Amino acid sequence: MLTKQSTYNSFTTISVVDYLKQQKYIHENSLVECEEIGDGNLNYVFRVKETETGRTLIVKQALPYAKVVGESWPLTLDRARIEGESLKLAAKFVPELVPGVYGTDDVAAATVMEDLSAYTLLRKGLIEGERYPNLAEHIGRFIAHTLFHTSDFGLEPSEKKVLATKFVNPELCKITEDLVFTDPFFDHETNEFPEELLPEVEALWNDDELKLEAAKLKQLFLTKSEALIHGDLHTGSIFVTRDSSKVIDPEFGFFGPIGFDVGAFFANLILNHLSQEARIEDEVKRDSFQDYLIQVIVETWEVFTAEFTKLWVENGKGPFIKVAGYLDYVLRQILQDAVGFAGNKIIRRTIGLAKVEDINGIEDKEKRLEVQRRALKTGRHLIVNRSQVSTVQNLIQLVKGD
Ligand code: SR1
Ligand code: MG
């Protein structure tokens, strides 16, 4: 019988190895190398390598505070359990699109999982102008399956309610409620932006039309318990090779609006699209890469709708599933929600806490400011015009400023 940790201790590169040996993930006599490689906002990530065999493991451990801010921002360790449970559930539907989970430990707030060293973070790859031919198919399928199977369309409503009790995530939801849905729309201390952007930001804070729509989107996030969502599906939550994609980090998971995951992915592609104005100098190459990003958005939506439709027809629950027009209505609502949420995400990554490297890493300050101004305009455009969107092409028109 293995003894798990009885109290929480944050790991060091030494104690994590002791832990893996004690838990028999690694033989006790093995020589190992260990490094902490986490570059996210919240957690430790250790890579441990058995010297003799070359076998590697990842241990992800939640810290009892938000690493991006420090110990002054306490944060529940329960997010590690939610992440582990969510990955294991996703593996039932799309095992090839998530890392293998070898074990979870709620007390240590740790997940032991597959090392994805052969992969690149999608955000990094896109910043470097890399293309991933199967990305849209992978992410379209990931969102369709994980969201359908945990929704009232794929589960009996009573089963869904029981499942939802395992994914009550108030502290992580509050981060999103504050940082994505509230703070950027007010003069709040968490906001961070260059002073040159103040005129545009003040215009946003005084924009009543935008704020009314932002209020409606926050209400949707608070109340629309459609499915178990990933909750933070940005391009830093996806590892890629040319042939394979792995979605990681569902610690923000809870039963929320389906459009939030779709919109998060779209928003981060749009942020990269905007950033390429300042990154790729050659106009032909820039246009071509931006067209590729647009194509990923379009194809992701097409794959999502095709897969969701297939699941709906083959496995849909309840007497209304075959009613003409119902699926189209649901898909349109998801798209409109996604467009609005994408707008929120673009604005928060431009002026709120926790930026994206796509824009922050632009070295030329004037060019960076120009991209930030465009991002604010695009985010606003998506939020206030989302109700006119009925096809993914309408979304692309909004992204292009039409
Ligand atoms: C305090 S956490 C800041 C952000 O990092 C995560 O990736 C989430 O997007 C969160 O809002
Ligand atoms: Mg994360």
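This is a predicted model: local features need pLDDT of at least 70, side-chain atom pairs count only at pLDDT 80 or more; totals for chains, interfaces and linings use all residues.

Where is the place of alanine 354?

Author: Alanine 354 sits in the loop that lies between helix H11 (326-351) and helix H12 (357-360). Its backbone deserves a look: alanine 354 has a positive phi of about 75°, although it is not a glycine. As background, most residues other than glycine have a negative phi. A second residue of this kind is aspartate 249, whose phi is near 65°, again a positive value in a residue other than glycine. Aspartate 249 also belongs to a loop, the one between strand S11 (245-247) and strand S12 (254-256).

Now to the ligand. Ala354 is one of the residues that surround ligand 1, and the others are Asn41, Leu42, Val68, Trp73, Ile175, Leu179, Asp232, His234, Phe252, Arg348 and Arg349. Three of these side chains can be described by their distances to oxygen atoms of the ligand. For asparagine 41, a polar side-chain atom lies 2.7 Å from an oxygen atom of ligand 1. Arginine 348 likewise has a polar side-chain atom 2.7 Å from an oxygen atom of ligand 1. With arginine 349, an N or O atom of the side chain is 3.1 Å from an oxygen atom of ligand 1.

The domain assignment gives domain 1 (15-113) and domain 2 (120-399). The contact between them takes 26 residues from domain 1 and 28 residues from domain 2. Taken over C-alpha atoms, the centres of domain 1 and domain 2 are separated by 26 Å. The area buried between domain 1 and domain 2 is about 2,300 Å², and carbon and sulfur atoms give 67% of that area. On the side of domain 1, Ile82, Phe93 and Leu97 lose the most area to domain 2, together 27% of what that side buries.

The interface has polar links as well. Nine residue pairs are in polar contact across the interface of domain 1 and domain 2, with both residues at pLDDT 80 or more. Strand S5 (70-74) and helix H2 (78-93) each supply at least two residues of the side of domain 1 that touches domain 2. H2 gives the most to that side, with eleven residues. By class, the side of domain 1 that touches domain 2 has 15 nonpolar, four polar and seven charged residues.

A search of the whole structure finds 24 salt bridges, and three salt bridges are found across the interface of domain 1 and domain 2. The side chains of glutamate 251 and arginine 79 meet in a salt bridge, at 3.2 Å from N to O. Another salt bridge joins the side chains of aspartate 78 and arginine 81, at 2.7 Å from N to O. Aspartate 78 and arginine 81 both lie in helix H2, three residues apart, which is about one turn of the helix.

Definitions and conventions: Residues are numbered from 1 along each chain as its sequence is written. Chains are lettered from A and ligands numbered from 1 in the order in which they are written. Side-chain values use heavy atoms; hydrogens and water are left out. Domain bounds come from an automatic or database domain assignment. Contact means heavy atoms within 4.5 Å. Buried area is the accessible area (1.4 Å probe) that two parts lose on being put together, summed over both. A salt bridge is a side-chain nitrogen of Lys or Arg within 4 Å of a carboxyl oxygen of Asp or Glu. A polar contact is a pair of N or O atoms within 3.5 Å; within protein, one must be able to donate a hydrogen and the other to accept it, and residues adjacent in sequence count only if both atoms are side-chain atoms. Helices (H or I, at least four residues) and strands (E, at least two) are DSSP runs, numbered from the N terminus. Ala, Val, Leu, Ile, Met, Phe, Trp, Tyr, Cys and Pro count as nonpolar, Asp, Glu, Lys and Arg as charged, and the others, Gly among them, as polar. A residue is near a molecule or strand if one of its heavy atoms lies within 4 Å of it.
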